[in-house]
Amino acid sequence: MWIPIQINENSAEPLYHQIKTQLRSLIVSEQIEEGTLLPSIREFAGSLNCSVITIRRVYQDLENEGFLRTRQGTGTFVAKVDQGERSEYRRTVVQEAVEAAVDAGLAVQYGEDELKELFLQILKKKYHSNQKEADS
Amino acid sequence: MIEALAVQMNGIRKSGRRKPIGPLNLEIPSGYVVALVGPNGSGKSTIMNLILQTLHPDEGELSWFGKSAPGVLPTELRQLIGYVPEVPLYEENYKTPEEAAAFRARWYPRWDQQRLEELLRRFEVPEKVKLNKMSKGERRKFEIAAALACRPKLLLLDEPSSGLDPFAWKHMIDVLRSCLEEEEITIVLSTHIVDEVKRLADYIVLVHQGEVKGMVEKDVLMGNWKELWVRTDRAQLEGLPDILEIHEDGPSNWRLLVQNLAELEDILVNRGVSILKSRGLELEDILTLWMKGELPEEIKWKRGEY
């Protein structure tokens, strides 16, 4: 199966890390379902033009973290993601994004109240319009 | 993890007609694709000839799949090796693909006629034409197909893509990739084609002035240096070990050549330097830096883990 991973060769983030982070979030967000057979190491490396060493390391690390399991002779599968882990992960993703937004505010000397107001404004806009779409 | 080695070279030296080669120390792990890169005449083809023992070293040791053999390479080891030479064999010039294949089939117990025919069809190699009447690219495609038909455990490709049109080149990449997926095979290829390295290699070996300068995992090598554009006062860039070059690029703008960008980035941000853009280096620039001796010692020979 094709795994939608986007590599940025210009990023400061090492290739190994880019692949691992993206594959993990695809699993945790259930875009790749439990039990899915992942491509062989060689096949995956070929599709990303990276070395098998990088992919093997990603598979091993994610297996150690409990996101993948390997059955000898059959291949690497997506494991069952623990619900606690999933909510923990969701929280981490959102927290990092919010922190980045606050950092952006600090970088241009945005005041605390100013930032809070902007945040609430965006919140209202996004959630409200989503609601409308859902209703229609 | 200890990996099996397809080829091991230990202190190999050879005084050639042109210039001395060596000392060569090289360990090619089994099941990987290793690209030999380096300027013309640096010794890439010589390494292949040493592996095949068509060239005998003056000193040093060589082993194949953990077995060493003094003198002539034993037939049972030679049968595991497929080879596409830079210049095709003269002896086969007046043969058609069929005749040449019949000749080769006798030497290789694992010869796979079906695979050969499939590949020749896929590569659109003319059937009835003598090999020396073919175009350079057609002959090349025959050579690659015939080397794969012996179902090698070790495949040596000396500039395999020379003479191939872009379509045949793509076919070749696909064919090699499916061989790699099918069974454990080790490929050593020498090449000047950057895209070939990017699409196939796991490890990159730099051969320069008759010496092996190291074997580095491709992704580690490709990610080692970055070009960075920053806006800051020149003084903020002083005293940082990972900045190799600084070029002025407009008022208060600087173009830097850096390594360990992930760590350096934090330091720069803390110093109030704004990072405008970062960019990976092209393979040819990376190799130039490596030849100049800029590659950190600790990644030069590391294998398997990092």
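**View 1. The end of helix 4 of chain A and the residue Q109(A)**. Q109(A) comes after helix 4 of chain A and has a positive phi, near 55°. Helices (H or I, at least four residues) and strands (E, at least two) are DSSP runs, numbered from the N terminus. This is a predicted model, in which local features need pLDDT of at least 70, side-chain atom pairs count only at pLDDT 80 or more, and totals for chains, interfaces and linings use all residues. Residues are numbered from 1 along each chain as its sequence is written, while chains are lettered from A and ligands numbered from 1 in the order in which they are written.

**View 2. Helix 4 of chain A along its length**. The helix covers residues 83-107, 25 residues in total, and spans 36 Å from first to last C-alpha. That is close to the 36 Å expected at 1.5 Å a residue, with the expected span taken as 1.5 Å times one less than the number of residues.

**View 3. The open six-stranded sheet of chain B**. Its strand order is 6-7-8-3-9-10, with mixed pairing (two strands pair if DSSP finds at least two bridges between them). Strand 6 (81-84) and strand 10 (211-217) of chain B are the edge strands, each pairing on one side only.

**View 4. Strands 9 and 10 of chain B**. Strand 9 (residues 203-208) pairs with strand 10 in the antiparallel sense over five bridges. Y203(B) stands opposite E217(B) of strand 10.
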